[in-house]
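Biologist: I would like to go through this structure feature by feature. Please give the general idea each time, and then the case at hand.

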Amino acid sequence: MPFSSCSKVSMALVVSLFVTSLMAMAASAGNFFQDFDVTFGDERTKILNGGQLLTLNLDKASGSGFKSKNEYLFGRIDMQIKLVSGNSAGTVTAYYLSSEGPTHDEIDFEFLGNLSGDPYTLHTNVFSQGKGNREQQFHLWFDPTKAFHTYSIVWNSQRIIFLVDNIPIRVFHNLETIGVPFPKSQPMRIYSSLWNADDWATRGGLVKTDWTQAPFTASYRNFQASTTSTNSLTEQSAWQTQGLDAAGRNRLRWVQQKFMIYNYCSDLKHFPQGLPAECRRSRF
């Protein structure tokens with residue numbers, strides 16, 4: 001959906017929240033040398049500007065990736081990312097939290113590339129005790145390749161909130177009381193990678209990676225992790241109890257009504273025996 005279709009009020013809201021997010025991120029950013037290890041790709045992962053900028057590269061031989069040195073059990077994670085520009089079809093830029101093992105927990109952002117001029121697909125998912133199948137997908141209201149934008153995960157004992165430029169796009173509530181598993185006991189690391197997935201990423205695998213455009217590059221800056229070990233008591237309480245007020249629920253509704261392109265809670269074909277229990281609760 002073109003950005004021009006949004007109301008002037010919505011445009012002003014998006015700009016205001018984006019500027020606020022940039023200011024907050026600039027105030028306290030991490031260092032990629034200190035906070036992360038390269039997981040694969042060797043020299044395809046570059047840390048620049050004294051640890052303030054990281055780039056991942058993908059060529060025909062290999063992609064690349066990194067992970068956090070620390071594990072986190074609840075917190076707020078922010079990262080500014082500028083995605084692969086031009087013809088990014090077939091590529092996936094993944095940014096997520098994950099524990100390890102067959103019953104792992106995971107909270108996912110995945111950015112599925114597309115042909116030049118066509119929008120990225122932002123794919124989100126939540127795994128708990130090894131079980132996922134909770135996908136929601138979105139198009140964004142901006143071009144994520146032209147500038148850095150902030151992608152955030154708020155994870156506390158009550159809910160998980162996915163945010164883009166401080167605008168909530170998805171909330172996954174703790175509904176253990178009705179039998180829905182919720183990630184709450186396994187510490188997770190931050191992972192990110194850029195890799196070739198042209199067997200499924202773009203139009204179900206119909207569009208393949210154009211290797212004449214390689215290397216493909218995604219850029220990262222202004223990482224921040226707010227956890228019980230990094231913040232003062234006041235800062236802790238902000239994310240530990242963070243939910244959505246009326247304005248937040250309105251922004252979430254705006255995103256989900258205008259930009260959501262897939263919701264597992266509407267996919268009756270995928271769940272012929274009945275939708276998951278959490279789908280019968282309000283998504284706002």
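Biologist: What should I know before reading any values?

Modeller: The model is predicted: local features need pLDDT of at least 70, side-chain atom pairs count only at pLDDT 80 or more, and totals for chains, interfaces and linings use all residues. Residues are numbered from 1 along each chain as its sequence is written, and side-chain values use heavy atoms, with hydrogens and water left out.

Biologist: How many helices and strands are there in the protein?

Modeller: Helices (H or I, at least four residues) and strands (E, at least two) are DSSP runs, numbered from the N terminus. The protein has 4 helices and 15 strands.

Biologist: What share of the residues counts as buried?

Modeller: Buried means under 20% relative accessible area, exposed over 50%, and partly exposed in between, with a 1.4 Å probe and protein chains only. Of the 284 residues, 54% are buried. The accessible surface (Shrake-Rupley method, 1.4 Å probe; for residues, only the protein chains shown count as cover) comes to about 12,800 Å², and carbon and sulfur atoms account for 52% of that surface.

Biologist: In what order do the 7 strands of the open sheet lie?

Modeller: Two strands pair if DSSP finds at least two bridges between them. The order is 2-3-14-5-10-11-12, with antiparallel pairing. Strand 2 and strand 12 are the edge strands, each pairing on one side only. On average, neighbouring strands of this sheet are turned by 20 degrees against each other, direction ignored; the axes are lines fitted to C-alpha atoms, for helices over the stretch in contact, and angles run from 0 to 180 degrees between N-to-C directions.

Biologist: Which strands are joined to strand 14 by bridges?

Modeller: Strand 3 (residues 53-58) runs antiparallel to strand 14 and is joined to it by 6 bridges. In that pairing, Leu-58 has Phe-216 as its bridge partner, and Leu-56 has Ala-218. Strand 5 (residues 75-82) is also antiparallel to strand 14, again with 6 bridges; here Lys-82 is partnered by Ser-219.

Biologist: Why is strand 14 described as largely enclosed?

Modeller: Strand 14 (residues 216-226) has 9 of its 11 residues buried, so the rest of the structure largely encloses it.

Biologist: What joins strand 2 to strand 3?

Modeller: Strand 2 (residues 45-48) and strand 3 run antiparallel and share 4 bridges. Thr-45 is partnered by Leu-56, and Ile-47 by Leu-54. The two strands form a hairpin with 4 residues between them, and Asn-49 in the turn has a positive phi of about 55 degrees.

Biologist: Which cysteines does the disulfide join?

Modeller: A disulfide is a covalent bond between the sulfur atoms of two cysteines. The criterion used is a pair of cysteine sulfur atoms within 2.5 Å. The structure holds 1 disulfide, from Cys-265 to Cys-279, with an S to S distance of 2.0 Å. The torsion about the S-S bond is about -75 degrees, so the disulfide is left-handed. Cys-265 counts as buried at 19% relative accessibility, and Cys-279 counts as buried at 16%.
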